[in-house]
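This report looks at aromatic pairing and nonpolar packing in the structure shown here.

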Amino acid sequence: MGRDITTPSTRLVAAAKIAAASLYDGEDTDNLVAIDVGCDHAKLAIYLVQSGICRYVTASDVNEGPVKKARENVSRRTLMGKPLSDSIEVVHTDGLFGLSDRNANRIFILGMGGEVISGILDRADFIKSEENKGKIKFILQPMTSEDKLREYLLENGYNILDEEMVLDKDRVYAVMSVCFDGVKREYTPAEKLLGRYNVQKGGELFCRQLDRRIRITEKAIADRKKAELDCAEFEELLREMLKIRKLHEASLV
């Protein structure tokens, strides 16, 4: 079992590949050090080390149960004859608290609500220091409130470098690659909701999400009109999404 690569879910594999896909100057996969926040059973951390993407991972979780299970999973495995625990440490902590000394150049925060992810980033002052500015790549995968997360990132000096859409168990997820450079940016309402890079790339998964968002927005407009509430903001969003849909229709023919 020690030599087998533990393959996590499709979205976690996608996150790992995005972390390795674009490297800063002087980086290679021999010197990538990661933190996996909310590690659950450490499946991502194990995959990152076993696949050679990261040389060391700190896997953290706020709950004692997952921490215990993660430590058990790590302790049962080896890598090239050495205990995998030489390359993975599992810690019990809330978010990134107490992890400023890990010298991580990749930080994964996956499988949480967008507002929860925003809160974790907001409470970790060390990631915004001059020393770390532009040197840490964050791989983020919100389960809900993608637009709220993008809004937080844009307003707080994070640059969204890229996004990928991933299908996992018949649900579409957005996986974001982000860095902090202190520069505030602006997106249109539809870009906040769907992701600028996703809008640019299009494709079947994107159009699936776009159609879903259009349906939700149309219902919200109908409900607000029935309640005699202002719906100008929703109508503006709908117009933008319908325009995007028209641009991408040809690509699906």
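## Aromatic pairs

In this predicted model, a search of the whole structure finds three aromatic pairs. In one of them, the ring centres of F138 and Y158 are 5.9 Å apart and the planes stand at 80°, so this pair is edge-to-face. The two residues are 20 apart and belong to distant parts of the chain, with F138 in strand β7 (residues 137-144) and Y158 in strand β8 (residues 158-168). F138 counts as buried at 1% relative accessibility, and Y158 is buried with a relative accessible area of 0%.

Y158 also pairs with F180, and because the centres are 5.1 Å apart and the planes lie at 65°, this pair too is edge-to-face. Here the link runs from strand β8 to F180 in strand β9 (residues 171-180), across 22 residues, and F180 is buried, at 8% relative accessible area. Ring pairs join F138, Y152, Y158 and F180 into a cluster.

## A charge over a ring

R11 is placed over the face of Y173, at 5.5 Å from the ring centre.

## Nonpolar cores

The largest nonpolar core has 32 residues, of which L48, V57, I88, F108 and I139 touch the most other members. Two or more residues each come from α1 (10-21), α2 (43-50), β2 (56-61), α3 (64-75), β5 (88-92) and β6 (106-113), and α1 gives the largest share, seven residues. Apart from this core lies another, of 28 residues, which includes V37, I109, L154 and Y187.

Leaving aside residues up to four places away in sequence, I139 touches A15, I18, A19, I107, F108, I109, L110, V175, M176 and S177.

Terms used. Residues are numbered from 1 along each chain as its sequence is written. This is a predicted model: local features need pLDDT of at least 70, side-chain atom pairs count only at pLDDT 80 or more; totals for chains, interfaces and linings use all residues. Side-chain values use heavy atoms; hydrogens and water are left out. A nonpolar core is a set of buried Ala, Val, Leu, Ile, Met, Phe, Trp, Tyr and Cys residues joined through side-chain atoms within 4.5 Å. Buried means under 20% relative accessible area, exposed over 50%, partly exposed in between (1.4 Å probe, protein chains only). Helices (H or I, at least four residues) and strands (E, at least two) are DSSP runs, numbered from the N terminus. Contact means heavy atoms within 4.5 Å. Rings of Phe, Tyr and Trp (its six-membered ring) pair if their centres lie within 6.5 Å; planes under 30 degrees apart count as stacked, over 60 as edge-to-face and the rest as tilted. A charge sits over a ring if NZ of Lys or CZ of Arg is within 6 Å of the ring centre and within 35 degrees of the ring normal.
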